[in-house]
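Reader: I would like to learn how to read a few features of a structure. Please take them one at a time.

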Amino acid sequence: MPTMEPGDLLVRALVDHGVREVFALSGGHLDPIFQACMDHGVRIIDTRHEAAAVHMADGYARATGKPGVAFVTAGPGVTNAVTGVANAYMDAIPLICIAGRSPIRDDDHLPLQGMDQVALMAPITKFARTVLQPERIAEYLVMAWRQATSGRPGPVFLDIPIDVLFTPTSEAAVPKLSRHEPDRRSVPPAEAIDSALDLLERAERPAIFAGGGAFFSGRPGRTPPVRRDDFGTGLRERQGPRDRP
């Protein structure tokens, strides 16, 4: 029966979501993922510190409107990533942080770089899980991606034990997945929108302070129309009947 490499499953799922670049710092826990990235033409932007990898993924998301992806190795690699993940959490930036992990078989035996990484990341992410079965790697990636991009965007975290990542799985055991992210976004009631527009109509000097959520509230490539002014760049040139000069 045909088998599949877990690293290949992960990278294929990322490619299915449109990922073409990832930010990383190499580590032995990640070798199969790096090999799969090269096999599938995914550009690896190598850094010299995990904090840089995560901050670069954050910046990529802010610049493109698409989730940034960072790979970090186990233990200190994860602790080095904490500030970047927390920053993305505070600013509602969609970021996928994927980490290596010590082997499951060595849990509670004081393994090298072994720690409860999910417990560390849970308070500063929307979704934090350990992948325990190789055939479910793509499934967990889909779940994490959906969490990162739905509702209020934010970072998510997956760690993959090295014995899971190095264990081939039966192709028949891998679930077939099709839907990657929600096709609807929540909107306020129509009366709330009308009320806000009335306030703007009556205002003498209206100003909108739009945070990162304004940028990520549309679909990729469709940012909301926010007027440019003499002091800032805004999100996009004004358009539509309600945008005034």
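Reader: What covers the buried residues of α6?

Author: This is a predicted model. The cover of the buried residues of α6 includes α1, β4 (68-72), β5 (95-101), β6 (127-130), β7 (155-161) and α7 (162-165). The residues of α6 that are buried are I137, A138, Y140, L141, V142, A144, W145, A148 and T149.

Reader: How many residues does helix α6 have, and what should they span?

Author: The expected span counts 1.5 Å for one less than the number of residues. Helix α6 (residues 137-149) has 13 residues and should therefore span 18 Å; its end C-alpha atoms lie 19 Å apart, which agrees. After α6 comes G151, with a positive phi near 60°.

Reader: At what angle do helix α1 and helix α2 pack?

Author: Helix α1 (residues 6-16) packs on helix α2 (residues 31-39) at about 50°, and their axes are 8 Å apart. That angle makes α1 oblique to α2. The crossing of α1 past α2 is right-handed. On α1 the contact uses G7, D8, L10 and V11, and on α2 it uses P32, I33, A36 and C37. Six residues of this contact are nonpolar, one is polar and one is charged.

Reader: Is R129 buried, partly exposed or exposed?

Author: Buried means under 20% relative accessible area and exposed means over 50%. R129 has 38%, so R129 is partly exposed.

Reader: Where does R129 lie, and which residues does R129 touch?

Author: R129 lies in strand β6. Leaving out residues up to four places away in sequence, R129 touches V118, Y140, F157, L158 and D159.

Terms used:
Residues numbered from 1 in each chain as written. Predicted model: local features only at pLDDT ≥ 70, side-chain atom pairs only at ≥ 80, totals over all residues. Heavy atoms only, no water. Axes fitted to C-alpha atoms, helices over the stretch in contact; angles between N-to-C directions. Helix = DSSP H or I, 4+ residues; strand = E, 2+ residues; numbered from the N terminus. Parallel < 35°, antiparallel > 145°, perpendicular 65-115°, else oblique. Left-handed = near helix turned anticlockwise from the far one by under 90°. Contact = heavy atoms within 4.5 Å. Nonpolar A, V, L, I, M, F, W, Y, C, P; charged D, E, K, R; others polar. Buried < 20%, exposed > 50% of the residue type's maximum accessible area, 1.4 Å probe, protein only.
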